[in-house]
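Reader: I would like the terms behind the description spelled out, each with its cut-offs.
Author: Here is the model, followed by the terms.

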Amino acid sequence: MRIKKLLVLGSLIVLVLTLSLAFTSGALGYYPLPLPNVRMLAYWYLNTTLNPNYPLFTAMSPEAVTAIVWDYRGLDTLFETAVFFLAIVGALALARGVPLRKASDSVSNGDNSRGLSLICKTATKLLIPLIIAVSASIALHGHLTPGGGFQGGSAAAIAPLLVLVIFSVFFLLDRGVSEKSMLTMRTAGLVGIYLTALAAVLIGMLTGLNAYVFQNQPKLNAPVGIPALFFNALISGTLFFFNVSEYLAVASGFTLALILLSIPEEIVKRFISGEVHE
Amino acid sequence: MIGLDTLTYLFMAVAGVISLIATYLAVVENDLVKAVIFSALQSTVYTVIFYLLMAPDIALVYIPVSVGLYPAVILFLIKKTESTEGDLERSGGGSK
């Protein structure tokens, strides 16, 4: 046991010394961090991200990170989203055949008998609207300030997580936040991402103009663009819709996984062993 | 008078040292619930470093994932399995 601790400590010390050596010998250059001068690629992105003087290159969003994530490099983000949702599909496949609604009915002995104390419950009730509001502002302002759909969605998933821990999973299921409704919301978010990605192509097909998949602002040979302004409010074309869709999809996806994880083990075992039939 | 650069480095160094200690404690801790809390502490100071390195987007996603969702998933798993590392091997105590 003592040897194991010494090994862990020794490896941490070696790691720190190696990293220090790398930094002091100029692995990241001799500049202070963060770098005072941006590199050419970053300069290009910063120069075009909200620049009406370059209408063929701009993403019309002051938030360069969101512009890169959903416009300049949109396809990367699409496949990242696909990976995340394949993981959720895997969780759903593992939990198939466990009827949550029946599990909820079989233990219905009142909401107040389960969960933590009244103090915890009251504090949670006060916190949940705040968490939802903050997460929504992170997601809806994602094209203007740091943040975006994934950030907002994962912050929003904290609210059902608190309810799961402090009340119980059955409290959540009884309030309509079930795996079915979360699946519906997740699908709605994914359809939103899909439609936003194809929006320019659909407009192009209707108007007979050339257009690309994942197109935001008009490009050379493709004059179709999603308007950057909506009643004088900057929505940055597709970025706003991508953020809203991703917000719904990520929040419901995480909630779905947490609901499946928090079903009490004995109930799952009872259903798997076949004591209770559907 | 301490300059802004020095102050930034100082905060980053303190955060790095705290994260290192938390990592060590999380690895050697036998009580898995405590280990998860140390791991969340490590993630929290990483968030500080991300913010100081001017990556607020990463900081925003790192807080809910590393302090909320990831410990929650691990805690659910701990609840469903064993709460102490190597419960069965060392039932008669041992050098800790």
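Author: Two residues are in contact if their C-beta atoms, placed from the backbone, lie within 7 Å. This is a predicted model, in which local features need pLDDT of at least 70 and side-chain atom pairs count only at pLDDT 80 or more, while totals for chains, interfaces and linings use all residues. Residues are numbered from 1 along each chain as its sequence is written, and chains are lettered from A and ligands numbered from 1 in the order in which they are written.

Reader: How many residues of chain B are in contact with chain A?
Author: By that cut-off, 23 residues of chain B are in contact with 27 residues of chain A. Two elements of chain B, α1 (4-28) and α3 (56-80), each give two or more residues to this side. The largest share, 12 residues, comes from α3(B).

Reader: Why is A:C120 called partly exposed?
Author: A residue is buried if 20 or more other C-beta atoms lie within 10 Å of its own, exposed if 12 or fewer, and partly exposed in between, with C-beta atoms placed from the backbone. A:C120 has 14 such atoms, so A:C120 is partly exposed. The residue sits in helix α6 (residues 118-140) of chain A.

Note on methods. Helices (H or I, at least four residues) and strands (E, at least two) are DSSP runs, numbered from the N terminus.
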